[in-house]
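This report looks at a few features of one protein model, moving from its nonpolar cores to a sheet and then to a single loop residue.

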Amino acid sequence: MTKLMYGIVAGLTFLTTLFQCSPDDGSWKLESPDQQIRVNIHQQELNSSNRLFYSVYRKENRSFIQLTDPSPLGIEREDSRFVENLEFVSAEIKSNQKDQYSLVSGKNLNHQNRFNTITLTFKNLDKQKVSFIFRAYDGGIAFRYLFTGRSESDVRVIREHTGFDFKEGNFWGHPYDTLTKWNPAYETYYQGPVAIGSTAPRNKNGWAFPLLIESEDTWMLVSEAGFDGTYGASHLHAKCENGKYMIKFAEQGEAEGYYENTSHSSLPWYTPWRFIAIGKTLNKIVETSLATDLAAPSTLQNTTWIIPGRSSWSWWSDSESPQDYNRLVPFVDFAAAMGWEYSLVDANWNRMKNGSIEKLAQYAKSKNVGLLLWYNSGGKHNVVTEEPRDLLNNRKTRRKEFERISRMEVKGIKVDFFQSDKQDIIKQYIEILEDAAEFNLLVNFHGCTLPKGWRRTWPNLVTMEAVKGGENYIFTSDFPKMAPSHLTILPYTRNAIGPVDYTIGGFSDNRYPHLTTFGFEMALPVLLESGMMHYMDTPEKTKELPPFVTEFLKEIPVVWEETRYIAGYPGKDAVIARKNGNRWYIAGINGENLAKELTIDLTSIDFEGSDIHLIEDNNSARNLQRTAMQYNGGEISIHMEPYGGFTGYWE
């Protein structure tokens, strides 16, 4: 056999291992380019009809471990059903696809991913077609539906029959919240480990994404991405019936009952991606980029005006301050003194006395500080009275307002109180991002849905809340007790899928005092990733900290070229390292009320320096010390106080 013939045979053999199609027996197999992840799609008999299912596998040594039992596929439109007895039409395979892109902010700036794709097309009893599109990445799988053809009018999806059937094990997640004036806003506690199969807590409307799974000696993270305004977001039913967690659309009562909780579009129509990040260890979860890998490419040609940064914030310590020019000036001065780029002016600034927002913008500009302004997203879809409101729900008034504040050289907006995942609200997010980009405005969503990978498509989206954050030291009596464990789960769940505006820097006590140490609080600006980091404490309290602490707070960036999971276990502890320029930063927190000696391995990080400079607790919850240790490669040991933490850097 010639070398050329051998190469052809070897190549065909390789492709055969990646893609195996057997339409005669109703089964198809797709593997990732590195051949470590596999998804099988097959038809099987169920209740006297054929149904489509998928199963996910991870390679261990020379065999594959099955991670999910057969999980259902299917989708139902108002005019036609694509669930049972689908007739196979075709299979289209694309191998070794590559995608390269850069972000303005994120866990990693430069991304290269590889994946293989199979598109399986079927027709139903009405002779209408639907395609099931699967991707196998080197770090997970993703799938979505496609309705082909053309239509003059919209068609409507009324239900999905999509499910996730995990094997025995545990998960970490948070409930999809009860409907109230303020909810749903993805602001429930992350909890776990919870046994797979558990029902959501009483009076909650299911389980929310993302869901972290530990099963079959494997970690998995489940969420969704790739939303373009033609489909509402989803969560999971409260009950796990017959071992399956099933997709559920937004609750009809959301958005004050306005709009449908189903979705509609003309054809062709792609639904969003559902994805599962997969790894033997937690680094594949913490470092996953699937949310942005699955999002549409950037819509912006010029992103030089998008400057991620740090911001002072007056509202947490003085909720009435946005209504008084004189109470805002010290926070602008604080941002200037710290070298932070921004100062956020929160709700009701339109009622300002002793000055105006125009005057404050001019003053901030003189201090080289950019202003960020708060807005209510309503409209009729919420009844929250905080102002300004009724400006961003209508495109004409929104663009007029954006033009006005951009002339004032305001740098960005914080938009709050969406409280719904219905399609009309998802569309509003996207329209806000589009219009804000045209007027060079950064965007921070609050009271909002989860990240969907939008920071890739609209790089002016710098952060999102969708988390039970630091402001709950004002509102929630059990927050001090719950926060340490909750925060050690976030790097493996909520923050793994996108930026999180937790609001950090709470060194003083508000209504409910902290149980965490100052070392714990100092770790958060590095441990949590957000393209806009809001520091919530007062200038006076921050300036009382030792000089080496305030100097460190001046230096911590928000743009990270690389991120590494170092150590930890959800609910117990977390250690993360991030790179900016020539400097690596590291931070760790202890979510338990017991002292720990944590041994961490840094061999995955390549750096030339030998000194690691740390800020850590000094035998007290509210004292900090600066230490340095020699690093000669391998492991180091760090002491953490109960509910304590540390941060530092090397270069």
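## Nonpolar cores

Which residues touch the most other members in the largest nonpolar core? In this predicted model, that core holds 181 residues, and those touching the most other members are I41, F134, F164, L360, F445 and W454. Helix α7, spanning residues 423-438, gives the most to this core, contributing eight residues.

When neighbours within four places in sequence are left aside, W454 is in contact with F227, I426, Y429, I430, L433, T449, L461 and M464. Another core, of 19 residues, lies apart from the largest one, and I566, V575, W584 and L598 are among its members.

## A four-stranded sheet

Four strands form an open sheet in the order β8-β7-β13-β21, and their pairing is antiparallel. Because β8 (81-82) and β21 (263-265) stand at the edges with a single partner strand each, one side of each is left without a neighbour in the sheet.

The pairing of β21 with strand β13, which covers residues 155-160, is antiparallel and is made through three bridges. Within this part of the sheet, V157 stands opposite S263 in β21.

## A buried loop residue

A200 is located in the loop that lies between β16 (191-195) and β17 (207-215). With a relative accessible area of 8%, which is under the 20% cut-off, A200 counts as buried.

Not counting residues up to four places away in sequence, A200 touches G206, W207 and A238. By contrast, A200 and N113, which are 87 residues apart in sequence, are 35 Å apart in space, taken from C-alpha to C-alpha.

Key:
Residues numbered from 1 in each chain as written. Predicted model: local features only at pLDDT ≥ 70, side-chain atom pairs only at ≥ 80, totals over all residues. Heavy atoms only, no water. Pairing = 2+ DSSP bridges. Helix = DSSP H or I, 4+ residues; strand = E, 2+ residues; numbered from the N terminus. Core = buried A, V, L, I, M, F, W, Y, C linked by side-chain atoms within 4.5 Å. Buried < 20%, exposed > 50% of the residue type's maximum accessible area, 1.4 Å probe, protein only. Contact = heavy atoms within 4.5 Å.
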